[in-house]
Amino acid sequence: MNNLKQNEVWFLTGSQHLYGEETLRQVAENSQVIAKELNQADDISVSIIFKPIVKTAEEIYAVCQEASQNKACIGVITWMHTFSPAKMWIGGLKILQKPMLHLHTQFNRDIPWDSIDMDFMNLNQSAHGDREFGFMVSRMKIQRKVVVGHWKSDRVKKQIDTWARAASAWADWQGAKFARFGDNMRNVAVTEGDKVEAELQFGFAVNTFAVGDLVAYINAVSDSEIKTLVETYESAYLLADSLKSNGDRRTSLLDAAQIEIGMRKFLQEGGFKGFTNTFEDLHGMKQLPGIGTQRLMAEGYGYAGEGDWKTAALVRAMKVMGTGLEGGNAFMEDYTYHFEPENNMVLGAHMLEVDPVLASGKPSCEVHPLGIGGKEDPVRLVFNGKSGPSLNASLVDMGNRFRLVVNEVEAVEVPHALPKLPVARVMWKPLPDINTGCAGWIYAGGAHHTCFSQSLTTEHLDDFAKIAGIENITIDKNSNLRQLQNEIRWSEKYYS
Ligand code: MN
């Protein structure tokens, strides 16, 4: 997950045999230059691989077939350097199983005013060649991202990277396994969903595992493993006095470490990319996992509480999308409000499981009672989240489709000490304002569970929703409630 460069995006250049060998040689040469530039760009996190230019229906079909089956290939960039009659593309596009970005560019940035002749015009035809191609993709109702501009521009490279990150997350989901310990929290609606439909639509599998099987892993942990992990806790966090080596709650820390090690082994051995559990189903466990879950999330596992497998999978996808970017992606819950006029804020947290990738400063490691679950007091990391532009994303099951709801927010410094609050917390102001942001969210059916992102933009999530073929409702600084409600109504009709 730490290196997106192993992911390949294949650069496919369309042309035809109309122009003669010299023109085709030039087309191939130019395409190689562009692919090389994109491959070496600091702004692009994946590898861009040049493929021989395609000039016939047979060549197009062959490369689309190869791209669809190649494991390293996570998507294709298409570009029509010259005209490439699009009926030739039908067969290939019909079988293409990978995300597509249509790069609408041109080799020459500027028109060579003094020397332009018909040879130049014939060589540099993407202005109409890409329109012919685009028509066919639209007619075939294939989702893709269209990026327009000169290939050397920073904006174009960043847009390609945004899409490539979404495509990387999509590739990560294909065949992914998520473990669900127990069922959903009883009677909760939004965290439920159709796991069969999710596997069809998204490519990942969610299956249940008995808590007792996890407990067997926890019970098998050795004292020396616990000792090593506790040393990590001691160096990485500010330990509460009661948890220190002579503290009266030291045993709680050892128990928490044992739970973490058992969970990690279970997840590693099963090849899982994420998990969910519920405080209603902890038979045989001493504590609801707090610090263990927090640290597993920080390592890249997707997680959400109370059996919420959809959010667990979304958290994993967003972590992949955000690989190497500044800021974290984390499971979050809108918890409580600050309704001060002109200074409205949301306090986001969870019972325990807030991901320390969000922390500003060194987290403290504490133990406190938990009012629910009926287990021993769980150990957790406590910290404040960072300020800055952020967003919340939520994946909900509307019955006949999945919907992604996204709200841009401005995270703020936690303005006061919170001496009695025993959980990590993040504070933010929804855009464009708290009324539009929260009312829009509720109209759209967005969940209380989200993935909170400090590193991704609405463009990443828009690209991801397109690749996944699902509805996306975005609430940003330009949103207004009337338009938003109309969008929801029209969308309802579109999907019905
Ligand atoms: Mn929750």
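A residue is called buried when its relative accessible area is under 20%, and because arginine 250 has a relative accessibility of 15%, it counts as buried in this predicted model. Arginine 250 forms a salt bridge with glutamate 234, with the closest N and O atoms 2.9 Å apart. This pair links helix α10 (residues 250-270), which holds arginine 250, to helix α9 (residues 223-236), which holds glutamate 234, across 16 residues of the chain. Glutamate 234, at 34% relative accessibility, is partly exposed.

In the structure as a whole, 26 salt bridges are found. One of them joins arginine 316 to aspartate 172, whose closest N and O atoms are 2.8 Å apart; since arginine 316 belongs to helix α12 and aspartate 172 to helix α6 (residues 154-173), the contact ties together parts that are 144 residues apart in sequence. Both partners are buried, arginine 316 at 9% and aspartate 172 at 12% relative accessibility. A network of salt bridges also links Glu260, Arg264, Arg295 and Glu299.

The manganese ion has as its protein donors Glu306 (OE), Glu333 (OE), His350 (NE2) and His449 (NE2), which lie 2.1 to 2.2 Å from the ion. Of these, glutamate 306 is placed in the loop between β10 (302-305) and α12 (309-321), whereas histidine 449 is in strand β18 (residues 449-453), 143 residues apart. Glutamate 306 is buried at 9% relative accessibility, and histidine 449 is buried at 0%.

Helix α14 (residues 458-468) is largely enclosed by the rest of the structure, because eight of its eleven residues are buried, among them His460, Leu461 and Phe464. The helix is followed by glycine 469, which has a positive phi near 70°.

How values were computed: Residues are numbered from 1 along each chain as its sequence is written. This is a predicted model: local features need pLDDT of at least 70, side-chain atom pairs count only at pLDDT 80 or more; totals for chains, interfaces and linings use all residues. Side-chain values use heavy atoms; hydrogens and water are left out. Donors are N, O and S atoms within 2.8 Å of the metal (3.2 Å for Na, K and Ca); water is not among the atoms, so sites may look incomplete. Helices (H or I, at least four residues) and strands (E, at least two) are DSSP runs, numbered from the N terminus. Buried means under 20% relative accessible area, exposed over 50%, partly exposed in between (1.4 Å probe, protein chains only). A salt bridge is a side-chain nitrogen of Lys or Arg within 4 Å of a carboxyl oxygen of Asp or Glu.
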